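We will go from stop to stop.

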Amino acid sequence: MADHAAGTSTVRSFPADFAWGTATASYQIEGAAAEGGRTPSIWDTFSHTPGKVHDGDTGDVADDHYHLFRDDVAIMRDLGLTTYRFSIAWPRITPQVTPDELGPVNPEGLAFYRALVDELVGAGITPAITLYHWDLPQALEDAGGWADRRTAERFGEYADVVAREFGEHVGTFITLNEPWCTAYLGYAAGVHAPGRTEPLAALRAVHHLNLAHGLAAQAIRAAAPSAQVGLTLNLAWVRPATDGEADVDAARRIDGLQNRVFLDPVLRGAYPADVQADTASVTDWSFVLDGDLAVTHQVPDVLGLNYYSPTVVRRWDGVSPRESADGHGDGAASPWVAADDVEFPLQPGPKTAMGWPIDATGMRELLLRLHREFPGLELMVTENGAAYDDVLDADGGVHDVERVDYLRDHLGAVLDAVEAGAPVRGYYLWSLLDNFEWSYGYSKRFGIVHVDYDTQVRTPKDSATWYADVVRTGQLPA
Ligand code: FCB
């Protein structure tokens with residue numbers, strides 16, 4: 001830090017044992033939606049519903065990783081990665097699950113992930129498995145989905161199956177990916193599967209997701225004692241647009257709904273009182289039953305942070321069109337339960353192809369906040385990256401200079417946090433491959449490897465070469 005700040009050095013080093021990876025998710029890359037005994041998930045239903053996903057895109061084929069995973073592992077080996085974060089599709093493991101019974105384990109589903117894990121281990125790459133990256137079995141949604149507590153109970157049982165099967169070779173089991181998106185984008189804004197716009201269901205989902213984390217963590221700890229338990233949150237670096245009281249209060253509320261409503265029950269064993277008060281018009285939180293908070297209070301061995309962009313909020317005046325830099329503006333259902341008077345002003349400055357403002361400061365500040373509030377808690381960046389409108393050049397390459405700039409800035413912010421003492425153990429770049437970007441379909445490319453969706457040809461972009469150098473040297477070039 002000192003060298004850097006003084007300008008005497010242009011190269012900065014990561015700790016020698018820093019883990020370097022890329023991240024993906026099952027529905028975004030696997031394809032083979034009807035193969036290997038898999039039954040539909042809520043994302044199959046949602047993407048096949050007209051008008052829900054850009055251009056009618058679906059994950060039916062995606063990157064065909066289900067068949068091409070050996071090639072994809074070879075790419076990661078060539079890049080020198082030490083770890084890979086992927087998710088397991090629950091509908092491949094227990095395709096007949098009902099709200100009351102997990103149902104039989106599907107050997108073909110286990111066999112696919114077994115082959116993937118073996119391939120990774122053979123390539124010297126440590127697997128990190130996410131148990132839930134949004135592809136809920138449709139049968140569970142039909143009975144209420146995450147708004148129904150039985151979904152959390154079945155999830156704990158599914159976690160037990162996966163931990164028993166893979167516990168030996170897997171470094172980390174991450175219970176949930178971004179429960180904020182599951183609860184609020186899925187059940188309040190309706191822009192993610194299952195596409196519901198019911199604020200009460202969203203808050204019930206929040207609690208059942210926290211409960212699901214706790215139940216799964218208990219199952220993993222019992223079945224795979226040598227593995228680490230992780231939880232991945234997309235925490236927001238929330239700042240008020242002004243230091244006026246109304247804006248500061250708006251920032252407190254968004255911090256509560258996005259950050260503390262997940263951090264507190266898991267890390268402190270309690271829901272934040274202000275969030276419960278803020279949402280009193282929607283619910284009295286009576287779905288939190290006696291004993292639940294002892295279950296949610298399963299402190300992970302490593303907390304995963306997903307960070308892409310900063311968040312600025314202000315109190316909406318109720319008259320002018322409601323601004324929403326997060327795409328949930330005037331007229332649309334809001335993900336922000338009981339916060340209809342908060343807006344997200346459009347920010348100046350550079351943006352990615354998602355329209356997301358670029359500011360790596362937020363990554364550093366969030367890591368430092370976690371370190372401050374939860375000393376000793378190990379941290380991991382489980383996603384960070386950027387979409388750009390990449391093109392395959394006439395020379396056969398993809399010269400994604402902007403992505404390299406983005407990654408350099410953000411890895412610099414990670415190093416700032418490390419140098420300030422935050423125990424950040426590794427970094428997973430989102431994403432290995434261009435893939436199905438949820439409601440944006442294939443229109444947004446996040447990969448460091450380009451995918452031609454007609455031929456499934458993979459082409460490493462310049463950012464892949466750049467990242468491989470960082471991984472090899474452990475150094476961040478200026
Ligand atoms: C995160 C998701 C991931 C991907 C990136 C861009 O919210 O976890 O699947 O879509 O955003």
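Select E178 in the loop between strand 5 (172-177) and helix 9. Helices (H or I, at least four residues) and strands (E, at least two) are DSSP runs, numbered from the N terminus. This is a predicted model, where local features need pLDDT of at least 70, side-chain atom pairs count only at pLDDT 80 or more, and totals for chains, interfaces and linings use all residues. Residues are numbered from 1 along each chain as its sequence is written, and side-chain values use heavy atoms, with hydrogens and water left out.

Look at the backbone of E178. Its phi is positive, about 45°, although E178 is not a glycine. Is E178 buried or exposed? E178 is buried, with a relative accessible area of 6%. Buried means under 20% relative accessible area, exposed over 50%, partly exposed in between (1.4 Å probe, protein chains only).

Now show the ligand. Which residues are around it? They are Q28, H133, W134, N177, E178, Y308, E383, W430, E437, W438 and F446. Zoom in on the oxygen atoms of the ligand. One is 2.7 Å from an N or O atom in the side chain of Q28. For the side chain of H133, the distance is 2.8 Å. For a polar side-chain atom of N177, it is 2.9 Å. The protein covers 95% of the 300 Å² of accessible area that the ligand has on its own. Such areas come from the Shrake-Rupley method with a 1.4 Å probe; for residues, only the protein chains shown count as cover.

Stay with W430. The peptide bond from W430 to S431 is cis, with omega near 10°. S431 sits in the loop between strand 12 (424-430) and strand 13 (449-451).

Next, go to the loop between helix 9 and helix 10, where you will find P194. The peptide bond from A193 to P194 is also cis, with omega near 5°. R196 is in the loop between helix 9 (179-187) and helix 10 (199-223) as well. Its side chain makes a polar contact with the side chain of E198 (2.9 Å). A polar contact is a pair of N or O atoms within 3.5 Å; within protein, one must be able to donate a hydrogen and the other to accept it, and residues adjacent in sequence count only if both atoms are side-chain atoms.

Last stop: D64, in the loop between helix 3 (42-47) and helix 4 (65-79). Phi of D64 is near 50°, a positive value in a residue other than glycine.

Note on methods: A residue is near a molecule or strand if one of its heavy atoms lies within 4 Å of it.
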